[in-house]
Amino acid sequence: MTAAVTVAQIREPAAMRAAVLESRAAGRRVGFVPTMGALHAGHASLVEQAALECDDVVVSIFVNPSQFGPTEDFARYPRTLAADAALLAPRGVRWIFVPEAADMYPPGAATRVVVDGPARRFEGEIRPGHFAGVATVVCRLFHCVPADVAYFGAKDWQQTLVVKRMVHDLGLPIEIAVCPTVREADGLAMSSRNAYLAAEERRRAVALHEGLCAAERLWQSGGAVAAVEQAIRDPLETRGIAIDYAAVVAADTLEPLPAAGAQPPAIAIVAGRLGGTRLIDNRLLPPRRRPG
Ligand code: AMP
């Protein structure tokens, strides 16, 4: 019989910070994977990458209230701590950091980290205050978990830009690693929110991936940006998915591509709504010589 592996859970920020500092003082490289729980294979891939590159791995599970808008899904966001701990146990995680909201935001908390630049458009426009919530909690988490490196998923591409911008601007002493998006067999990007989809919505949800793949094909054959953006939209329109945005922009800034001259790396990004569920996805586009 094999004994079940369990991972130590730490609730208190001060205890978490002390454990990480002690590990680093002993010369160990510490990796950190911040999450909101309801863990799936996408989260697992970040943890596995961290375990490959680091001596100790910390995963935080905290459903951060400040990054949800007043009409969003904070109350019904899935909370599955026992299953999450079971997923993490065999993956070489040393600590799970599970703070309470009161540990992260003391009574009367009045400080927010507001990032401009990459936070301005797309998710920033549709979810006002979202990235301030993300930046504030990630900054706070980096203080509680003073790791060498933190791992984020490319699925939330704009979030990776916002976090990198904040780390650079505030001179936070942590590296940011971005890991590829993990997908279901039909191409749908894994997300904790996929659990909200009814079976019929789940079948239609593949349209985001289809649109991005069609966009990449058209991009590679030299299609104009507007046509490539329409190629993202087509399958969503066919399947009755409401489109929040579908765009081809500069990957590092999310600004429009220059009309002429040297072309920065480009990315296709999309967000759509099926019933009450919002899904996002993106695809980095290969370099090409001529702008469309
Ligand atoms: P969340 O729990 O949704 O806040 O996500 C925690 C981290 O997991 C974020 O850095 C996400 O970008 C990342 N993540 C979520 N879904 C995926 C996925 N399908 N593939 C890779 N990373 C992901």
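Domain bounds come from an automatic or database domain assignment. On that basis the chain comprises domain 1 (8-179) and domain 2 (192-283). This is a predicted model, in which local features need pLDDT of at least 70, side-chain atom pairs count only at pLDDT 80 or more, and totals for chains, interfaces and linings use all residues. Residues are numbered from 1 along each chain as its sequence is written, and side-chain values use heavy atoms, with hydrogens and water left out.

**Extent of the interface**

- The centres of domain 1 and domain 2, taken over C-alpha atoms, lie 26 Å apart.
- Contact (heavy atoms within 4.5 Å) links 22 residues of domain 1 with 20 residues of domain 2.
- About 1800 Å² is buried between domain 1 and domain 2, and carbon and sulfur atoms give 52% of this area; buried area is the accessible area (1.4 Å probe) that two parts lose on being put together, summed over both.
- Arg76, Phe122 and Trp157 supply 30% of the area that domain 1 buries against domain 2, more than any other three residues.

**Charged pairs**

- Between domain 1 and domain 2 there are 3 salt bridges, each defined as a side-chain nitrogen of Lys or Arg within 4 Å of a carboxyl oxygen of Asp or Glu.
- Aspartate 73 and arginine 193 form a salt bridge through their side chains, at 2.8 Å from N to O.

**Elements on the domain 1 side**

- Helix H5 (123-126) and helix H7 (157-170) are the elements that give two or more residues to the side of domain 1 that touches domain 2; helices (H or I, at least four residues) are DSSP runs, numbered from the N terminus.
- H7 gives the most to that side, with 3 residues.
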